[in-house]
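Here is a short walk through one protein chain.

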Amino acid sequence: MIKKASLTLTVLGALMTSWGAQALEPLRVAVDPVPHAQILAYIQKIDPQLKLDIIEIPNGVNSNELLVHGDVDANYFQHLPYLKSQEQALGEKLAVAATVHIEPLGIYSRRHKNFADVPEKGTVAVPNNVTNLSRALYLLQDNGLIRLKPGFSDPAADRASPKDIAENPKQLKILEIESPQLPRSLDDVDLAVINGNYALDAGLVPARDALGLEKAEHNPYANILVTTPRLQNDPRIVQLAKDLTSPQVAKYITEHFAGSVIPVAGGKP
């Protein structure tokens with residue numbers, strides 16, 4: 001009995017030591033440079049006890065693959081519809097730890113100051129991934145440039161593609177381009193629909209420069225902190241989620257990004 005108790009205490013002690021060592025290791029988080037890395041850098045200032053290894057991911061690297069393969073502990077760059085499509089493509093289930101902010105999708109132009117100036121058969125560059133392509137088409141519809149077929153009323157549930165355009169009064173040509181390349185397309189197209197993070201990274205200010213901008217209300221495209229089911233209760237993940245959804249970080253996002261990035265009230269998905 002004494003030997004059994006001793007063995008139990010030894011195993012428990014080893015587990016506690018292992019857990020404590022894990023908690024001391026920096027949490028590896030894959031992010032886009034803007035605004036995600038900036039927000040995490042701010043968290044490092046206000047919560048220095050939480051050690052973060054902030055890994056800025058270059059274009060073309062799939063942060064969800066890194067997470068699935070154990071190369072990072074979490075990522076912070078995507079919205080839920082994109083995550084769902086990634087889970088299906090990768091055949092893996094991931095975990096949402098926090099819902100943080102919205103980066104409104106915007107319509108930009110270097111050629112025109114308003115939509116009325118866009119010519120017949122003008123060109124519109126849009127993201128080429130399924131979820132953001134659909135999102136772009138809804139934004140074009142909201143600004144009166146196209147109309148989707150009846151039944152496409154819920155951006156979160158009804159995914160649209162160019163074949164679902166019912167009305168296109170100006171016969172606009174839709175060009176599908178990789179999202180990171182959209183800012184570079186501005187010199188060559190009449191309009192470009194650009195994700196908020198890529199717009200900010202290119203020096204655009206969505207709240208000022210966009211001809212049309214997504215509304216924050218009822219927006220299903222809030223950016224999320226994602227981890228694996230195994231790590232979702234890790235104290236480092238729990239603390240980072242708490243920090244990301246805190247009033248202090250919400251204030252930083254509001255003041256630093258001036259309406260181009262909008263914090264989500266409540267925080268938890």
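This is a predicted model. Start at helix α5, which covers residues 130-142. Its 13 residues reach 19 Å from the first C-alpha to the last. That is close to the 18 Å expected at 1.5 Å a residue.

Buried here means under 20% relative accessible area. The buried residues run from T131 through N132, L133, S134, R135, A136, L137, Y138, L139 and L140 to Q141. Just after α5 comes G144, which takes a positive phi of about 75°.

Next, turn to a pair of helices. Two packed helices are described by the angle between their axes and the distance between the axes. Helix α2 spans residues 33-46, and helix α9 spans residues 247-257. They pack at an angle of about 130°, with their axes 11 Å apart. That angle makes α2 oblique to α9. The crossing of the two is right-handed.

Which residues make the contact? From α2 come P35, Q38, I39, Y42, I43 and I46. From α9 come Q248, V249, Y252, I253, H256 and F257. By class, the contact of α2 with α9 has 9 nonpolar and 3 polar residues, and no charged ones.

Finally, step back to the whole chain. It holds 9 helices and 13 strands. Of its 269 residues, 47% count as buried. Among contacts with a separation of 6 or more, 75% come from residues 24 or more positions apart.

Conventions: Residues numbered from 1 in each chain as written. Predicted model: local features only at pLDDT ≥ 70, side-chain atom pairs only at ≥ 80, totals over all residues. Heavy atoms only, no water. Helix = DSSP H or I, 4+ residues; strand = E, 2+ residues; numbered from the N terminus. Expected span 1.5 Å × (residues − 1). Buried < 20%, exposed > 50% of the residue type's maximum accessible area, 1.4 Å probe, protein only. Axes fitted to C-alpha atoms, helices over the stretch in contact; angles between N-to-C directions. Parallel < 35°, antiparallel > 145°, perpendicular 65-115°, else oblique. Left-handed = near helix turned anticlockwise from the far one by under 90°. Contact = heavy atoms within 4.5 Å. Nonpolar A, V, L, I, M, F, W, Y, C, P; charged D, E, K, R; others polar.
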